[in-house]
Amino acid sequence: MQRRELVKSLSMLPLAGSVFPITSLLSTPAVGNKMPLNFDQQTMPELHRNAFVMDGHTHVMTRELLMGTDIGQRYADGTVDLPRAKEGGLDAMFFSVYTPEHYYPGRLETKNTFRVINLALEQIEKNNDVIELALNASDIERINKKGKMAAFLDLEGGYDLDGDILLLQALYRLGLRSIQLTAHNTTNAFIDTCNDVSRWGGINDLGKEVIAEMNRLGMVINVAHASNDAILQTVEASKHPVTYSHGGFYSIVNHPRCITDEAAKAIASKGGVIGIHFGSLFNNPKYFGWQQKAANETTPSSVQDFAKTLEEADRAVAKEVPLNFKGTIPDEYWMHVDQLAKVIDYGVNLVGEDHMAIGSDLDGGPELPREIKDISDFPQITMAMQRLGYSDERIKKILGLNWLRVIREVTGG
């Protein structure tokens with residue numbers, strides 16, 4: 001089936017639990033349209049208030065490291081801080097600490113990883129009245145009973161481009177419980193990314209060793225940014241469920257960062273979870289066609305002129321902080337939250353409600369839907385799923401219970 005025909009066919013899919021027909025995923029209402037959205041940004045549905053809500057990919061610590069700020073304060077910009085997370089009804093989040101490509105040429109990725117994890121622990125301790133570190137699902141539940149949010153540490157970017165097992169073990173001892181296997185958009189010594197050169201045809205023997213060690217330790221394996229072959233091979237090699245923390249579906253937007261139906265089904269077959277990204281680039285075909293940003297993804301050649309010292313790398317990253325989308329989107333390309341909910345619905349129809357979740361990538365650069373300005377607007381996705389006719393039970397799974405289940409299965413607690 002040609003992509004144009006496939007996207008068109010999405011408009012004919014029945015909504016899981018829907019009470020009204022789905023409109024095309026290409027349909028993004030503009031301002032002035034007669035569609036009666038009437039969103040109240042201050043409304044939090046009772047369902048959302050009472051549900052366990054967990055974001056599978058929330059960027060933290062980059063701005064805190066480089067600007068000396070405190071995530072416990074309310075920022076005037078960006079999309080994530082603890083006060084706004086509380087307003088958004090978040091009970092837990094994958095605290096995704098980030099080591100981008102800027103640190104790779106000088107082989108500073110390990111140093112930065114330890115810096116951001118140490119800072120994350122300090123910030124969690126400093127804001128202990130609001131948030132606590134969780135090492136497993138039982139910790140998350142215990143922390144929530146105190147009325148606090150739980151932070152589950154997740155690493156995005158290479159902890160070590162060589163894949164040193166001893167460094168992996170050291171990070172585990174510090175409290176890291178989830179790792180994205182790829183070095184962000186760069187193929188490392190053991191796994192191929194989806195938008196860099198393929199060195200291994202997926203994963204190699206070292207990759208299998210890393211996966212086996214993460215299984216032994218009880219760490220969540222995250223295959224976001226991995227190539228299709230790498231995802232399939234990781235699922236096959238892992239004894240535990242595997243997660244894809246943040247992205248869209250390749251059948252909807254053929255961006256290399258989006259997951260194929262084949263890979264999504266493989267993850268689901270092992271009990272894993274797919275987190276839907278909040279950005280238009282991965283979810284809105286019209287926006288993707290307008291921007292065509294895929295060609296600008298990081299490649300080995302594009303990082304050659306990056307910083308060689310820690311100070312230079314810090315200065316380069318600081319220019320991009322906060323790491324949120326800063327552009328302007330014309331009305332015809334600006335996605336509504338209802339369209340984002342239909343992407344979730346596509347996944348529910350494809351792999352089932354037990355394998356879909358939210359991985360917003362807030363403060364990681366997504367071009368947010370109109371109705372979501374920051375993490376305080378998290379209830380908007382609940383309201384959009386309610387408009388699809390989803391049952392409370394299904395919404396609760398997608399909002400967080402699916403993440404909690406996988407964490408329990410992987411960590412054993």
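Start with the whole protein chain in cartoon view: this predicted model has 16 helices and 9 strands. The chain is 413 residues long, and 61% of them count as buried. Take the contacts between residues at least 6 apart in sequence: 76% of these join residues at least 24 apart. Keep that in mind on the tour, as some stops bring together residues from separate parts of the sequence.

**Stop 1: helix α5 and its partner**

Select residues 109-126, which form helix α5, and then residues 165-174, which form helix α7. How do these two helices lie relative to each other? Their axes come within 11 Å and cross at roughly 10°. An angle under 35 degrees counts as roughly parallel, so α5 is roughly parallel to α7.

Now show the side chains where they meet. On the α5 side, pick Thr110, Thr113, Phe114, Ile117 and Leu121; on the α7 side, pick Leu167, Ala170, Leu171 and Leu174.

**Stop 2**

Is Gln123 buried or exposed? Its relative accessibility is 6%, and under 20% means buried, so Gln123 counts as buried.

Next, show what surrounds Gln123. Leaving aside residues up to four places away in sequence, Gln123 touches Met61, Glu64, Thr69, Asp70 and Ile71. Zoom in on Ile71: its backbone nitrogen lies 2.8 Å from a polar atom of the Gln123 side chain. Then try a distance label from Gln123 to Gly72. From C-alpha to C-alpha they are 7.9 Å apart in space, while 51 residues separate them in sequence.

**Stop 3**

Step back to Arg107, in the loop between β2 (92-98) and α5. With a relative accessible area of 39%, Arg107 is partly exposed.

**Stop 4: Asn195 and Asn185**

Move on to the loop between β5 (178-180) and α8 (205-217), and select Asn195 there. Asn195 counts as buried, because its relative accessibility is 10%. Which side chain does the side chain of Asn195 make a polar contact with? Show Asn185, whose side chain is the partner, at 3.2 Å.

**Stop 5: helices α9 and α10**

Select residues 228-237 for α9 and residues 261-269 for α10. Their axes are 9 Å apart, and the helices pack at an angle of about 15°. They are therefore roughly parallel to each other.

Which residues make the contact? Asn228, Ile231, Leu232 and Val235 come from α9, while Glu262, Ala263, Ala266 and Ile267 come from α10. By class, that contact has 6 nonpolar residues, 1 polar and 1 charged.

**Stop 6: Ser245 in strand β7**

Go to strand β7, residues 242-247, and pick Ser245. Its relative accessible area is 2%, so Ser245 is buried.

Show the neighbours of Ser245 next. Not counting residues up to four places away in sequence, Ser245 touches Gly56, His57, Asn222, Ala224, Gly275, Gly359 and Trp403. One joins the side chains of Ser245 and Asn222 at 2.8 Å; another joins the side chains of Ser245 and His246 at 2.6 Å.

How many residues apart in sequence are Ser245 and Trp403? The answer is 158, and yet their C-alpha atoms are 9.7 Å apart in space.

**Stop 7: two loop details**

First, select Val321 and Pro322. Pro322 is in the loop between α13 (310-318) and α14 (337-351). Look along the peptide bond from Val321 to Pro322: the bond is cis, with omega near -5°.

Finish at Asp361, in the loop between β9 (356-358) and α15 (379-387). Phi of Asp361 is near 70°, a positive value in a residue other than glycine. Asp361 has a relative accessible area of 7% and is therefore buried.

How values were computed. Residues are numbered from 1 along each chain as its sequence is written. This is a predicted model: local features need pLDDT of at least 70, side-chain atom pairs count only at pLDDT 80 or more; totals for chains, interfaces and linings use all residues. Side-chain values use heavy atoms; hydrogens and water are left out. Helices (H or I, at least four residues) and strands (E, at least two) are DSSP runs, numbered from the N terminus. Buried means under 20% relative accessible area, exposed over 50%, partly exposed in between (1.4 Å probe, protein chains only). A polar contact is a pair of N or O atoms within 3.5 Å; within protein, one must be able to donate a hydrogen and the other to accept it, and residues adjacent in sequence count only if both atoms are side-chain atoms. Axes are lines fitted to C-alpha atoms, for helices over the stretch in contact, and angles run from 0 to 180 degrees between N-to-C directions. Angles under 35 degrees count as roughly parallel, over 145 as roughly antiparallel, 65 to 115 as roughly perpendicular and the rest as oblique. Contact means heavy atoms within 4.5 Å. Ala, Val, Leu, Ile, Met, Phe, Trp, Tyr, Cys and Pro count as nonpolar, Asp, Glu, Lys and Arg as charged, and the others, Gly among them, as polar.
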